[in-house]
Amino acid sequence: MSEHGLPEVGDVINKRYRLVEEIGRGGFGVVFRATQLGMDRDVAVKLLHPAGDDDTRKQMRDRFRREARMARNLNHPHTIRQ
């Protein structure tokens, strides 16, 4: 766990994903390339920055859910659908 409260490269999340490398970072969170354990496949894992108060955490969760809903509707040859 980093000094900022986020997992770091090498950590295992939820006993399912081993973080391999950081591939992006912004005000909202951090994106890692990870290996899905048991399936041995690469995935992207986005982790939200820990937020201060309850209101800020709720806003970040709501924003993350909106982003996930939009991403699942992407239809492009360079996106993976399962």
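## The β3–β4 hairpin

β3 and β4 make a hairpin with 4 residues between them, and G38 in the turn has a positive phi of about 85°. Strands here are DSSP runs of E, at least two residues long, numbered from the N terminus. This is a predicted model, where local features need pLDDT of at least 70, side-chain atom pairs count only at pLDDT 80 or more, and totals for chains, interfaces and linings use all residues. Residues are numbered from 1 along each chain as its sequence is written, and side-chain values use heavy atoms, with hydrogens and water left out.

The two strands run antiparallel, joined by 8 bridges; strands pair if DSSP finds at least two bridges between them. T35, for instance, has D42 in β4 as its bridge partner.

## The nonpolar core

L6, I13, Y17, L19, V30, F32, A34, V45 and L47 make up the largest nonpolar core, 9 residues in total. Buried means under 20% relative accessible area, exposed over 50%, partly exposed in between (1.4 Å probe, protein chains only).

Take A34: skipping neighbours within four places in sequence, A34 is in contact (heavy atoms within 4.5 Å) with Y17, R18, L19, V20, R41, D42, V43 and V45.

## Two positive phi angles

Most residues other than glycine have a negative phi. K15, not a glycine, has a positive phi of about 60°. K15 sits in the loop between β1 (12-13) and β2 and is exposed, at 78% relative accessible area.

D40, also not a glycine, has a positive phi near 50°. D40 lies in the loop between β3 and β4 and is exposed at 70% relative accessibility.

Key:
A nonpolar core is a set of buried Ala, Val, Leu, Ile, Met, Phe, Trp, Tyr and Cys residues joined through side-chain atoms within 4.5 Å.
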